[in-house]
Amino acid sequence: MSSLWEYANPRKFMATSGALLPWVSGLAVLCLVGGLFWGFFLTPDDFRQGSTVKIIYLHVPAAIMAINVWLMMLVASLIWLIRRHHVSALAAKAAAPVGAVFTAIALFTGAVWGQPMWGTWWEWDPRLTSFLILFLFYLGYIAMWEAVENPDAAADLTTVLCLVGSVFAVISRYALLFWNQGLHQGASLSMDAEQNVADVFWYPLVTCIAGFFLLFLALVLYRTRTEIRARRLRALLAQERTA
Amino acid sequence: MVLAVMDLSVGRGLVEVLRGVSFRLAPGAALVLRGPNGAGKTTLLRTLAGLTPPFAGRVEAEPDSVAYAGHADGIKAQLTVAENLDFWAAVFGRDEVGAAMDAFDLRGLADRRAGELSAGQKRRLSLARLLVAGRPVWCLDEPTVSLDAENVARFAAAVTAHLAAGGAAVMATHIELGIGSAETLDVARFAAPPPSAGDPGADPFGGDAPL
Amino acid sequence: MIALILRDLRLAFRAGGGFGLALAFFLIVVVLVPFGVGPETGRLSGIAPGILWLGALLACLLSLDRVFQLDWEDGSLELLATSALPLETLAFAKAIAHWLTTGLPLVVAAPLLGVMLNLPGPAYPWLAASLAVGTPGLSAIGTFGAALTVGIKRGGLLLSLLVLPLYVPSLIFGAMTATRAAEALDPLPPLALLAGLSLAAAAAMPFAAAGALRVNLR
């Protein structure tokens, strides 16, 4: 009987992730290179925003992943909390720096995009500001992992932090809307609204989003494998000492 | 039976230290834990007190029946001796501190700030807290540290009185207290074997099989 | 629980207890601001609510590492954990004690310091009200941060890094209450949101703090 929980076994995870990694990495490179090339060179300039609009192919996927990586960490933390699967906790740990970098990319490209559009590098717009706060949450989460010696205790403490942080991230989001109405254009993509990006931009954008997602998957698999090996090394050293 | 320990495995961090510890304490029984430094006496006591979760096995005791005293005295230097004891009495829902002061000869120190006490006096104050707590099972980690011979005798008398009143005690100590009914448990007997795959609570990243 | 609050208050007032440090810090922050932004009363009165709230928040933050650290170092915390007092209650009592020794003096002092920053007249009661309503929330959230970092040596900086992002909503609603009152707008909506936030924090954070304490005490 096969179940998802089998991958909680470090050995099973190592075998499966090792087999998957070349494919995921290859697909990520393919999607990213293809999507970015398509977006940068094969689409027309926007009639209002000119060629600056093309930063959308980095900005939007990075922003989407910035939030989704945190959600993935939340789910992985909950799995650790409820089922005590070590691989899950390590995956959450592995994802955090990747998420932080995606958030930083979203902030940086936002600034680069905002300069010609709004005439300022930084604007205390609620959308931008909530990403800044998300970035601070990532930093705190990573610092918490680094600060605690015992890996199981670190996993527990970061889980509590991730849960509380998620709630406060949502509260902050709405508090910021209350605080400042903002300049940011509406969402480029949304589930319920009509598509507000023309097809010529839409297809390369979706390719880039897929590319970013695959890149995240590849990086998390790499990093989780590294964390598992580090834990293995630790356990072997402990065995050495007691033997 | 005030305390029953069944097939208990305890550890510090990720490392299992003791395995298969089992004993039962009836009212009036005392158990002295022996073993070299680092053998796991402190870890076992912390597990009995409910601070450290066991790797495997069970500790059975009435809820809120264990009083723990560790290496640290848990004394507030800015408060007087009496204030320290009053605080713990309130926390444990009791109001009697006089008997505890008498047992460890603290009356004369009652109004002194605890920060001014010597190490031995602090230890007496910390042991008096056990009497204040009024709990049936004492888990004591090196209770006689910094006590002189006279006060070791006071402590032994307090333990004897506690046992006579139907209490029980588990103590890690290296000195002979002269408590007649006390049994000795050498924790080195339970030293956990090197970890192997499939152990309950073993590090899931350890074991012989390569990744 | 009452005994614990009383003990913490007594410890705070005794020598070396640190009572008044947060208040003095608050004073210094507020006094330094005009040196940084210039003495024009118009500019100062515009930013006064924000400065007062930020100063109160930082003063609150500064005293957080004492909440559990001292009890941890002298062993009281593990003894309390083995007592009949649930850790959730312990965390709640600690938050109350922290508020009484830090938040409450800030609430009282803030209007006085408002005079120095030329805070507009109508804002005074609302500033005091927003701090009175908001600082308990800051204490509750901060207690959670203190519980997370209690086992970490020199965890003060980490504590700030963890807690400050959690303070963002409180700061926004609190400062906005006073600002709106200063600008003769209706200050009630942000105050109501702040009250909700503080109540939710007071209700939920002790559980999170107790969870963190349990892990740190193992």
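This is a predicted model: local features need pLDDT of at least 70, side-chain atom pairs count only at pLDDT 80 or more; totals for chains, interfaces and linings use all residues.

Residues are numbered from 1 along each chain as its sequence is written, chains are lettered from A and ligands numbered from 1 in the order in which they are written, and side-chain values use heavy atoms, with hydrogens and water left out.

**Stop 1: chain C, coloured by confidence**

The mean for chain C is 90, and 99% of its residues reach 70 or more. Which elements of chain C have the lowest and the highest mean pLDDT? Helix H1 (residues 2–13) of chain C is the lowest at 84, while helix H7 (residues 123–148) of chain C is the highest at 94. Helices here are DSSP runs of H or I with at least four residues, strands are runs of E with at least two, and both are numbered from the N terminus.

Stay in chain C and pick Ala24(C), which sits in helix H2 (residues 21–37) of chain C. Ala24(C) is partly exposed, with a relative accessible area of 36%; buried means under 20%, exposed over 50%, and partly exposed in between (1.4 Å probe, protein chains only). Now draw a distance from Ala24(C) to Phe68(C): they are 44 residues apart in sequence and 22 Å apart in space, C-alpha to C-alpha.

**Stop 2: where chain C meets chain A**

Show chains A and C together. Their contact (heavy atoms within 4.5 Å) takes 24 residues from chain C and 24 residues from chain A. About 2000 Å² is buried between the two, 88% of it on carbon and sulfur atoms. Buried area is the accessible area (1.4 Å probe) that two parts lose on being put together, summed over both.

How many salt bridges does the rule find across this interface of chain C and chain A? There is one. A salt bridge is a side-chain nitrogen of Lys or Arg within 4 Å of a carboxyl oxygen of Asp or Glu. Select Asp156(A) and Arg218(C), whose side chains meet in a salt bridge at 2.7 Å, N to O.

**Stop 3**

The rule finds five salt bridges across the interface of chain B and chain C. Zoom in on Lys76(B): its salt bridge with Asp71(C) has the closest N and O atoms 2.6 Å apart, and another, with Asp74(C), has them 2.8 Å apart. The second pair joins two chains, because Asp74(C) lies in the loop between helix H4 (66–73) and helix H5 (76–81) of chain C and Lys76(B) in the loop between strand S5 (66–69) and helix H2 (81–91) of chain B. Both Asp74(C) and Lys76(B) are buried.

**Stop 3: a pair within chain C**

Over all chains, the count comes to 24 salt bridges. Arg214(C) is in helix H10 (residues 188–217) and Glu88(C) in helix H6 (residues 87–116) of chain C, so the pair ties together parts that are 126 residues apart in sequence.

**Stop 5**

Most residues other than glycine have a negative phi. Asp105(B) has a positive one, near 55°, and lies in the loop between helix H3 (98–103) and helix H4 (119–133) of chain B. Next, select Glu142(B), which is not a glycine either and has a positive phi of about 45°. Glu142(B) is in the loop between strand S6 (137–141) and helix H5 (149–164) of chain B. Is Glu142(B) buried or partly exposed? Glu142(B) counts as buried, because its relative accessibility is 15%.

Definitions and conventions
pLDDT is the predictor's confidence in each residue, from 0 to 100.
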